[in-house]
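The sequence and structure come next.

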Amino acid sequence: MEVTGGVSRHQNEISVPYGYRGNAADKISVMITDGEFKESDTEVEYYETVSEDEIGKDGTVNFELPEEYDEEGSFVYLLAEQSRGENCTDYASEPVLLQIPPAHEHQLEWRFDEDAHWKVCTAPDCDLQGEDGIMDYDDHDFGENEGIVIKEPSPEEDGLEEILCDVCGNMIRQPIPFEEPEESEEPEETEEPEEHTYAEQVIQPATCVEAGRKRIFCTVEGCGESWEEVIPALSASLRHTFGNWIRVSEPTAEREGLFKRTCTVCGVSETKSIPKQVLSHTHNYNGDVWTTDENSHWNQCSCGAKKDVEAHGWDKGKIIKRPGRKKEGQVRLTCKVCDRTTVRAAKRIGTKFTSGGYKYRITGCKNGRLTAAVIGFARGKDARRVNIPGTAYCQGVAFTVTEVADRAFAFNNKIKDIVIGDSVERIGNFAFYLSQKVEHITIGTGMKEFGQHIFCHTYKLKSLTIKSKKLVRVVTGVLHGGMDQAVIKVPRNRVKWYRKEVFETHATRVKGLSE
């Protein structure tokens, strides 16, 4: 499949001319990712069929960019597929990257008349909102600008001046009204100036080793004349002349004592400490009573000495306020050693976070537990092994991992081993779709639901082990593709059910697990 012309865009409506010379596809789909689709940490953000029931060798498809499309970070691909009904796919072409034109940006220009100014967009097909395509309509603002008189006013007719608007930068013509000249007043008699009377103010006193500063100023009301002068240091040798040390306070076992001496010339003082008293003492720690703060706990003697200092070991917590899609919840955590409690925020449902090499999305609460779904690898992490843990942490709050999200690891060509923990109850649609190098898969005891095409086209699969006896919901296409060499092991007492309901196309490969 190939793009045969330029991609066109109007607002969020996209039109793509294409050519297809294969004979197996019957629909065209668009896929939007947050990186190149071959990269291991790429996440599929959007996937939708955009063609009619049949496609020709040449044609055009149209689609609308979704809300999650990121102008800078999203990658848009087009691919041809062959469907088998019930949302199943037998064939998919190599995805073709589309060059999406940037969204329209206003090309604004000022327009004006003698009273006001406004902006209009000169770009074609602009949907600029506002009356008659006008925005920022306002009166001119001349600030402190002075106008240029081009016609003097007279008693018979107003004058005219040109003045620059501070906002739109245009020269505006304004009328100048005629004003009658004011009558001249007799000049006031001036008084003889008073003589200065000066005073001093010390700004920084001088010491034996440092010069000071003083301000000289006139005290006559309204004068304001002043200047600063240097006060010379009080010692020609620039050294203090200190008296004897005087004991200011006595030392104790809890605090130091203090000596002080003062310069007999300038009055500057300096101090030195007297060490604490050292008393004979035997620590008395109470091993059953913990002293705590926000981060740790310890045993403490009455003298203040500490031992066995260690960080709190929080439990998984108790929900005291359930989170929602628009508000955070709250969880009370209890230290398993000292029983100290703390309350932490549980982020809103839908919040994404990273824990232990994987990205997660908060899904809600179930059976008194905060729950999350794994949505893929964290950026920069190795993709050769997927090992989904039972618990993930977001800002110190524990979330039970109950789901592998739709398309979480789809199109990943590095993964070889998959281990899904006992807490996971659902694997979403296309979760490991086209992960072609997977060889071994192990699924824990808590699994209840398989989405569609979860392991479709894992051509090198050698073993699939399912420990769960709780699986009740399965969508077709779990192992669609040529994997006849794979050994499938399931609980011994459910072999018949798995052969009929889950692996009908691979029934002869299903074996019972050893007890």
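## Basis and a polar contact

A polar contact is a pair of N or O atoms within 3.5 Å; within protein, one atom must be able to donate a hydrogen and the other to accept it, and residues adjacent in sequence count only if both atoms are side-chain atoms. The model is predicted: local features need pLDDT of at least 70, side-chain atom pairs count only at pLDDT 80 or more, and totals for chains, interfaces and linings use all residues. Residues are numbered from 1 along each chain as its sequence is written, and side-chain values use heavy atoms, with hydrogens and water left out.

Asparagine 299 belongs to strand E23 (residues 296-300), where strands (E, at least two residues) are DSSP runs numbered from the N terminus. A polar atom of the asparagine 299 side chain lies 3.1 Å from the backbone oxygen of valine 289. Asparagine 299 has a relative accessible area of 3% and is buried (under 20%; exposed is over 50% and partly exposed in between, with a 1.4 Å probe and protein chains only).

## Cavities

The structure has two cavities of 30 Å³ or more. A cavity is a set of points, on a 1 Å grid over the protein atoms alone, where a 1.4 Å probe fits but cannot get out; lining residues have an atom within 4 Å of a point. Grid points are joined across faces, edges and corners, and a volume is the space filled by probe spheres set on the points.

The largest cavity holds about 120 Å³ of space. It is lined by 16 residues, of which Ser40, Asp41, Thr42, Glu43 and Ala408 are the closest to its centre. Strand E30 (residues 369-377) gives the largest share of this lining, three residues. By class, the lining has eight nonpolar, four polar and four charged residues (Ala, Val, Leu, Ile, Met, Phe, Trp, Tyr, Cys and Pro count as nonpolar, Asp, Glu, Lys and Arg as charged, and the others, Gly among them, as polar).

The second largest cavity has a volume of about 40 Å³. Its lining consists of Tyr47, Arg407, Ala410, Phe411, Phe430 and Tyr433, that is, five nonpolar residues, no polar ones and one charged.

## Two open sheets

Strands count as paired if DSSP finds at least two bridges between them. Six bridges join strand E17 (residues 212-218) to E18, and arginine 213 stands opposite valine 230 in E18.

Another open sheet of three strands runs E25-E26-E27, also with antiparallel pairing. Its edges are strand E25 (318-321) and strand E27 (341-346), each with a single partner strand, so one side of each is left without a neighbour. Strand E26 (residues 329-334) pairs with E27 over six bridges, and valine 331 has arginine 344 in E27 as its bridge partner.

## A hairpin

Strand E28 (residues 352-355) is joined to strand E29 (residues 358-366) by four bridges, and the two run antiparallel. Threonine 354 stands opposite lysine 359 in E29. The hairpin has two residues between its strands, and glycine 356 in the turn has a positive phi of about 55°.

In a regular strand the side chains alternate between the two faces of the sheet. On E28, Phe353 and Ser355 form the covered face, while Lys352 and Thr354 form the uncovered one.

How values were computed:
On a 1 Å grid over the protein atoms alone, a cavity is a set of points where a 1.4 Å probe fits but cannot get out, and a pocket is an open set with protein on both sides within 12 Å along at least five of seven lines; lining residues have an atom within 4 Å of a point.
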